[in-house]
Amino acid sequence: MTIQTTQIQSGGLDATTVAQISSGEPGWLRELRADWWGTVDANPWPTGAEEEWRRTSLDDLPRDGGLLLDPPMATYDLDPELAARGVIFSDLASAVREHGDLVKARLGQNQTLPAQMPFWGRSLAAWTGGTFLYVPKGVVIDGLLTARTSLPSGTFTYLPHTLVILEEDASATLFEEVSSPDGQAVWFGGTADVQVGYGARLRYANLQRLGDGVWRIGAQRVDVGQDANVTTLNAEIGSAISKVGMDVRMTGKGGTSRLLGLLAAGGSQSIDFNSCQDLIGSHTTSDLLYLSALYDAAHASFYGVTRVRPEAKQTSSYQECRNLLLSPKAGAEPIPVLEIETNDILRCGHGATAGAIDPVQRFYAQSRGMTAEAAERMIVRGFFERVVAQIDSEPIKARVLDALAARIGSVEEEAA
Amino acid sequence: MAVPNPAVDKVPTGYKYGWHDPEMKSLHVMKKGLSREVVEEISRIKGEPQWMTDLRLKAYRHFEARPMPTWGGDMSQIDFQDIFYYVTATDKAVQSWDDVPDYIRRTYDRLGIPEAEKKYLAGVGGQYDSEVVYHNIRADLEKLGVIFLGTDEGLQKYPEIFKEYFGTVIPPNDNKLAALNTAVWSGGSFIYVPKGVHVELPLQAYFRINTENMGQFERTLIIADEGSSVHYVEGCTAPAYTTASLHSAVVEIIVKKGARVRYTTIQNWSHNVYNLVTKRAVAYEDAVMEWVDGNLGSHLTMKYPSIYLLGERAHGEVLSIAFAGSDQHQDAGGKVIHAAPNTTSLITSKSISQGTGRTSYRGLVKVYPGCHGSKSTVRCDALILSDEARSDTYPYMEIDEDDVTIGHEATVSKVGSEQLFYLMSRGMNEAEASAMIVNGFIEPIVKELPMEYAVEMNRLIQLQMEGAVG
């Protein structure tokens, strides 16, 4: 890897910065950025009174760091044969240069949950990195598409935007991983706009291994088309503060989504997710399963809304949030909300738990000769298994387990 | 001028419990609206000690300063200046049924209070408008030292107990509506159960709103001393009026070491009432507090009985049942705060929405650091009976201790067509079959009610279900 000097824009985020990063870009993109900046400039910053912002204060967000202008780009490896069939997999800026019309039609066209709009807008105005994936109609990608980014040292703001488009009957698995060194006050505001068309199938995994000084303020919007099938995974291991809003819109008839989360936190980490599973189309299915293991004084919050619209008939949905508290100072606030506006539902419910390891399990493992630490590792690993088992890509599973081992320890070592 | 309430136009004129006694006359009727002078006047009429007047005025300032809550139901149509804050039918509470004025007795006759008494219920405290007008405690309870009075009378007779406990569980600045209640409260029940005394039969009080646009701000204070037990039952029906009415009660309960209190409410306000109630109990070491809360009527109910578990091994339970018909919103639930080790709690909520009705469960389980061994289970089930009905669940959990077992589960369902088909194949019509399924759904809570109430509850559900299609 070549060492490069990082270019960081001095000062905070403002209209001048947005205009400056836009110089040299096509006119439509300059306008789009300016429009989005207009929406965030006009709208207030979250005050903490909003339901989704009650559990994460933005007071200490490092917002004065300059914008990271030349982020390290992931290597976007794509089989030339797939490229020949029209698949595009690159960083967003390259896609703007090489496939301007396609990006223009789909970039920045959607809004997201009101709680995340200030950050969605900032990212769309001031993105300098991010992934672009386009899979044309009927193209099935069997292999894994990986975008792995390591952020440099320094204090900065980085607001990448990822745009994923799967056309009718397309299929793909995308894995994004981001990491950064510890001890750096960084505002990482990555957002993703995922558009999955009629009958398409997407597996989208995110592994977050940011450094212990990073504020990750993210937003994901997923549009699930008719008969489409989407699985998302958010594995959150790093960062000081992580606040992510997931906006899942089950728009098309018969669409299915599975939303998986693995959260492992220690120290004084705080992880706060809010989600909306919006069942708009009939015969849609949306199931959410988020598991957190919390060490030291770590704290996890989850405010998840399942909304069944009056016109959405025969839907199935479940929301499950489980928290394993591994220290007396750890804490959890799971809040699974249901808003059901029709009686024509097949299945709807939620479950949430918080608690320590069952002493009987611990005793059993130790009675088999394990140390207390080994027993805890194994039980935590077992706790995560319900999500891990659903990761059907071996390379993703290996990366996620590797990242988890940094927090919970490696169970495999124990066995050896 | 009151804003016309669309919900009220749909209240049928033959509403079973909605009649208005034309002979009713009030001795003290103040002008509509709220001001410092009204608050002072209420306190002056009651001849209260200065500390209570000061507390009312302090609460009034909090009420003025606070914005209206923006969460929960739609309260935008409440006009605080279009409400009477003090009305009384008799000047003082009376001890014997014979002393109760005729027209008020007729009111109670229709509600069946004498029957309840015939069934050897321990005592009857009826509330007609804002003052307690009738009290009767069985002599043996009096001998045991149990106090069961109207709250105003309680303040006059036992000022030292009042000063010690009043406003300690729900302080005047707790929330806007509790502040309003503290400023203008009138009536309610005051119960003191001495150490080690077990009140075997439930104590009952009926509450009614009977003057058009009459706000009812009763205040109930229950103290169960160490090792004692009591069951208090409160039921409400109200006449159907044509303009919005406000009911904003405050209930404070202190359950001391090893004591046990159960508070049962069945509430069937007519469909124009805003029912915004603050109910809270504190439970000390080994104490048990149970709220059984049934909400059938009103235009909007916002009520979340809460329990603060302050002593080790204290136990709290909330059983909540809500039925929302068209143009009704029941925003109900429960809160349990675990503030001591080895405390346990259970919240069970059953809600049913019909027509364009909306039920919302809103609750909180909070575990403070150091409260090891705490256990809590929250179970919410909702039944949606029509395509336009709505059901929400907002269960909050704040867990700051690892050695705990906290769980929450919720389901939302409709009456299954197979269930209906089965019952109808046995000769029932659809309404009967639906009513049976609904009664089965609420059974876990109804079986906790005193028998008269269980019967009434089932009957009320049946009345609500008439005309409903599963």
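In which sense, parallel or antiparallel, do S18(A) and strand S22 of chain B pair, and over how many bridges?

**View 1. Strand pairing between chain A and chain B in a predicted model.** S18(A) and S22(B), the latter spanning residues 390-399, pair in the antiparallel sense over four bridges. One residue to look for is A:Ile340, whose bridge partner in S22(B) is B:Ser391.

**View 2. The side of chain A that touches chain B.** In the predicted model, 29 residues of chain A are in contact with 30 residues of chain B. On the chain A side, two elements give two or more residues each: strand S18 (331-340) and strand S19 (345-355). S18(A) gives the most, with ten residues. By class, this side of chain A has 16 nonpolar, nine polar and four charged residues.

**View 3. Surroundings of A:Ile345.** A:Ile345 is found in strand S19 of chain A. Is A:Ile345 buried or exposed? A:Ile345 counts as buried because 22 C-beta neighbours lie inside 10 Å, and the cut-off for a buried residue is 20 or more. Leaving out residues up to four places away in sequence, A:Ile345 touches A:Val308, A:Thr315 and A:Ile340 from chain A, and B:Val412 and B:Lys414 from chain B. Its C-alpha atom is separated by 6.7 Å from that of A:Ser316, although A:Ile345 and A:Ser316 are 29 residues apart along the chain.

**View 4. Strand S12 of chain A and its two faces.** S12(A) covers residues 241-250 and is mostly covered, with ten of its ten residues buried. In a regular strand, side chains alternate between the two faces of the sheet. A:Ile241, A:Lys243, A:Gly245, A:Asp247 and A:Arg249 point one way from S12(A), while A:Ser242, A:Val244, A:Met246, A:Val248 and A:Met250 point the other way. Both sets are buried, including the charged residues A:Lys243, A:Asp247 and A:Arg249.

**View 5. Strand partners of S12(A).** Strand S10 of chain A (residues 214-224) runs parallel to S12(A), and ten bridges join them. Here A:Arg216 stands opposite A:Ser242. S12(A) also pairs in the parallel sense with strand S14 of chain A (residues 270-279), over ten bridges. In S14(A), A:Asn274 is the bridge partner of A:Gly245.

**View 6. Chain A as the setting for the close-ups.** Chain A has ten helices and 19 strands. Its C-alpha atoms fill a box of roughly 70 × 50 × 50 Å along the principal axes. Among contacts in chain A between residues at least 6 apart in sequence, 86% join residues at least 24 apart.

Definitions and conventions: Residues numbered from 1 in each chain as written. Chains lettered and ligands numbered in written order. Predicted model: local features only at pLDDT ≥ 70, side-chain atom pairs only at ≥ 80, totals over all residues. Contact = placed C-beta atoms within 7 Å. Pairing = 2+ DSSP bridges. Buried ≥ 20, exposed ≤ 12 C-beta atoms within 10 Å, placed from the backbone.
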